[in-house]
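This report describes selected features of the structure shown below. It covers salt bridges, nonpolar cores and a strand arrangement in turn.

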Amino acid sequence: MEDDVPTGGDNIVTEFNTYEDFLDSQITPMDLYYLEDEELARQLVELGYRGSGEVLKREEFEARKKAAEASRLSKRGQQKTLASSGKELKDEFLVALAQREEANRSGKMTSIIFIRDRNSRGQEISGYIDYAHRLKTEDFEPIFLAKKKLLPRASDLSFYNWETQTSTSNSTPNYQVMSENTSGLLFKNKRDRKILNVDPKAQTPGDNSIRVPLITPMYTQVVIYDHMTRRKT
């Protein structure tokens, strides 16, 4: 992956396995000819008297080496945390969830998922789910394995049970619910304060947002609203 490619001075610690290899790269055949001593040549490079590259002390080289290795292991660990990794996904909805998992976990995207289906009691339910929040609070492994359905809960952004007429709405770490307005149900992103309009008749769901209806035999109705969040730089 591109993220694994180091930049700047870190190229040094990834290019050379040992500090001696780094010092040797700075020594020219002419240096060895006049000095006639490889160890002396290395010492002169370390002191900055020889070599055309960056002067780097052994301690700094070792520190950078450890930091680069820690960063590599951390990125590998992040990749492994994706619940969708290594799964054979055949349903269009599960594929869509997998495509958005990394972006929602990292904060680049905050998707809202509308689902209408039936619960275990056969009651029709519908609701809006903050995907990024659910990823942090629920194990998605069984969902990507198709052993469990992703269904709206009373604790989600919005939930409605059509049989019992139970209706709830809750703000999440990513969205504030704006239910009392003439435009219907709206969600305000807490990071960039952009409004996401989930009305299917609206021309657009809002700035930096798209509406993606999906057809899947697993659910009665699924619509994903993707919102790209702009981080301050």
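Predicted model: local features only at pLDDT ≥ 70, side-chain atom pairs only at ≥ 80, totals over all residues.

**Salt bridges**

The whole structure contains 11 salt bridges. Three of them are listed here.

| E138 and R134 | 2.7 Å | E138, 9% |

Because D156 lies in the loop between α8 and β3 (158-161) while R134 belongs to helix α7, their pairing ties together parts that are 22 residues apart in sequence. A network of salt bridges links R134, E138, K148, R153 and D156.

**Nonpolar cores**

The largest nonpolar core has 19 residues, of which F93, L97, I113, I115, F140, L150 and V222 touch the most other members. At least two residues of this core come from each of α6 (92-106), β1 (112-118), α7 (131-137), α8 (141-144) and β9 (221-227). The greatest contribution is that of α6, with 4 residues. Another core lies apart from it and has 11 residues, including Y175, V198, V223 and Y225.

V222 is located in strand β9 and counts as buried, at 1% relative accessibility. Beyond its neighbours within four places in sequence, V222 is in contact with F93, I113, F114, I115, V212, P213, L214 and T216. V222 and I113 are 109 residues apart along the chain, yet their C-alpha atoms are separated by 7.2 Å. With the same exclusion of sequence neighbours, the contacts of F93 are I113, I115, L150, L214, T216, Y219, V222 and I224.

**An open sheet**

An open sheet is formed by 3 strands in the order β5-β6-β7, with antiparallel pairing. The edge strands are β5 (175-178) and β7 (195-197); each has a single partner strand, so one side of each is left without a neighbour in the sheet. From one strand to the next, the twist averages 30°. Strand β6 (residues 186-189) is joined to β7 by 3 bridges, and L186 has N197 in β7 as its bridge partner.

Notes
Residues numbered from 1 in each chain as written. Heavy atoms only, no water. Pairing = 2+ DSSP bridges. Axes fitted to C-alpha atoms, helices over the stretch in contact; angles between N-to-C directions. Core = buried A, V, L, I, M, F, W, Y, C linked by side-chain atoms within 4.5 Å. Buried < 20%, exposed > 50% of the residue type's maximum accessible area, 1.4 Å probe, protein only. Contact = heavy atoms within 4.5 Å. Salt bridge = Lys/Arg side-chain N within 4 Å of Asp/Glu carboxyl O.
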